[in-house]
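Subject: Structure handover

Hello,

Please find the structure below.

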Amino acid sequence: MLLLRVKYLTATLLLCCFISGCITREEIDRFVNEHIGSDPGVKIEDPEDSLEPVIMVDRDFEEIRRSGVLRMITHYGPNTYFLHQGFEAGFEYELLYAFARENELVLEVVIIDDDEDPMELLLAGDGDVIAANYTITPERRKSVTFTQPYKLTDKILVYSRDLQTRPGTLEELSGSGVPISVRQKSSGSAHLNEFVYQGYDLTIEYIPDQMDTKSLLDQIAMGSIKAAVLSNKLFHPASRYMQELIEGPVIAEADSIAWGIRGNAPDLGQQMNSFLQKHFRFSENMERPRRSAFLNVLRQRYFQEGPQIADYYNPDWHYSNIGLESSYDHVIHSVADSLELDWKLLTAMIVQESSFNPGAKSWAGAVGLMQIIPRFSAIEYQDLYDPVINIREGAGIIKAHMDHYSYLDSLNQKSFALATYNVGLGHMADARRLVIDQNRNPNEWENVADALLRMMQRRYHQDARYGYKRGIETVRYVKEILNRYQMYYNVAMYAERKSFRESGVQTVGLLDP
């Protein structure tokens, strides 16, 4: 960072000399090439600009498609992304997941921490799209490009029941002295400041921009916040389970919600707009939007009635739970601890294998929560449907595979173990032999994954000892479990940090990945 600052300072001084006429443009170009380099991310800024401008990464749709991963920047909350009994949920998540699946991409989630700015994460390349109930505002347009909207929302005031006098109109609110809490960079703040400009006497108190919705609602319910600006789409489902929230006047109607992307990703924007156009568009008179059946299902699930929202706003919900728990949680933790396995990895496997259905049976005959194949197990067939026995058997198998690959680094160890659990040691050996034949490292998952895909072609599998196998299923299996595992880890870390901040204790890295 210090080196960059020196470079930018030097470049700025050179630019000033050029303006004054003491050096030529050719001399500037020669200096830049010799001392700063030809990195397209480095640029000379106008002297009136910051000495350290934000460098926007270059990652458009083609680059995303090659990587196979789309990264979503969002808050943890009911309208965006949260975990429900081990499954990822949230309006924004499900909508963007549909886009990712349509384009054969894996969706990764980057959860915004309290001290992070989503726009900075986006521009720095830590994510590809902000999907966080993001209202289109003129201020935000200066930094990001928005897709077409896919949701309209009204901004309302929400009062705490503890507030004795609750103004019913903006006119009554003006001069009342009621403190209105709002995120400074939000559209709600822009609306309130516009009212102040128009002459309304409002008392505005700014809260952290990254404060999550659940924390804000809890503080309103407890009375520590008397009034706040909130989307009606968030208030209405929450008010069914939090009786301390009282609806106040509307301060803005039909704010447009859209995804935010980098300005240098036009192809990504075009792909997203094509997708959104199928699910949300205005009628010819531009008064009423038309929504697809899929979007209406999401609206019903997250803004009206649905078990995910009911559980999220349950008074017994707390951050140590974070939505990872299932009815088999105590068994998973107990078995994982006894075998020194990560319970989050075991949970991710069960979700992938059976979606927590103990009666699941695959076309290949695999049964139970962890889809054990009876002929490869010493357990009696009927006993494999017992959740406790099935989890213990599956955990023992993955533990044996983890031990088998213990000489690899952590990520490769998990990848190889998961692949072997799915495809078997024989097909893995065939794939690794193919990697060796190609003079590549057989201990790198990237190489073995490529070999598994090649083994679907006759010229590669015809001489393999164990023959043909749909390697694409195994590669996808590993990728999806590791992605889910990483999401569990991120959410668990977020929950730990939040819990300790609220208790006044500082923590770093309490959870091992």
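Helix α14 (residues 329-339) packs against helix α16 (residues 387-404) at an angle of about 35°, and their axes are 10 Å apart. Axes here are lines fitted to C-alpha atoms, for helices over the stretch in contact, and angles run from 0 to 180 degrees between N-to-C directions. Helices (H or I, at least four residues) and strands (E, at least two) are DSSP runs, numbered from the N terminus. The crossing of α14 and α16 is right-handed; the term applies if the near helix is turned clockwise from the far one by less than a right angle, and left-handed applies if anticlockwise. On the α14 side, V331, I332, V335 and L339 meet V388, I391, R392, A395, G396 and K399 of α16, where contact means heavy atoms within 4.5 Å. The residues of this contact divide into seven nonpolar, one polar and two charged. Ala, Val, Leu, Ile, Met, Phe, Trp, Tyr, Cys and Pro count as nonpolar, Asp, Glu, Lys and Arg as charged, and the others, Gly among them, as polar.

Two remarks on the source. This is a predicted model, in which local features need pLDDT of at least 70 and side-chain atom pairs count only at pLDDT 80 or more, while totals for chains, interfaces and linings use all residues. Residues are numbered from 1 along each chain as its sequence is written, and side-chain values use heavy atoms, with hydrogens and water left out.

The chain has 21 helices and 14 strands. Of its 513 residues, 50% count as buried, meaning under 20% relative accessible area; exposed means over 50%, and partly exposed lies in between (1.4 Å probe, protein chains only). Among contacts between residues at least 6 apart in sequence, 66% join residues at least 24 apart.

Next, the aromatic rings. The structure holds 15 aromatic pairs. Rings of Phe, Tyr and Trp (its six-membered ring) pair if their centres lie within 6.5 Å; planes under 30 degrees apart count as stacked, over 60 as edge-to-face and the rest as tilted. One of the pairs is W259 with F275, which is stacked, at 6.3 Å centre to centre and 15° between the planes. W259 is in the loop between β11 (245-257) and β12 (260-261) and F275 is in helix α11 (residues 266-277), so the pair ties together parts that are 16 residues apart in sequence. Both W259 and F275 are buried.

L295 is buried, with a relative accessible area of 1%. L295 and Y150 are 145 residues apart in sequence but 8.9 Å apart in space, C-alpha to C-alpha.

Finally, the backbone. Most residues other than glycine have a negative phi. N133 has a positive phi of about 55° and lies in the loop between β5 (129-130) and α6 (138-141). N439 has a positive phi near 60° and is found in the loop between α18 (425-437) and α19 (445-454). N133 is buried, with a relative accessible area of 16%, whereas N439 counts as exposed at 73%.

Regards
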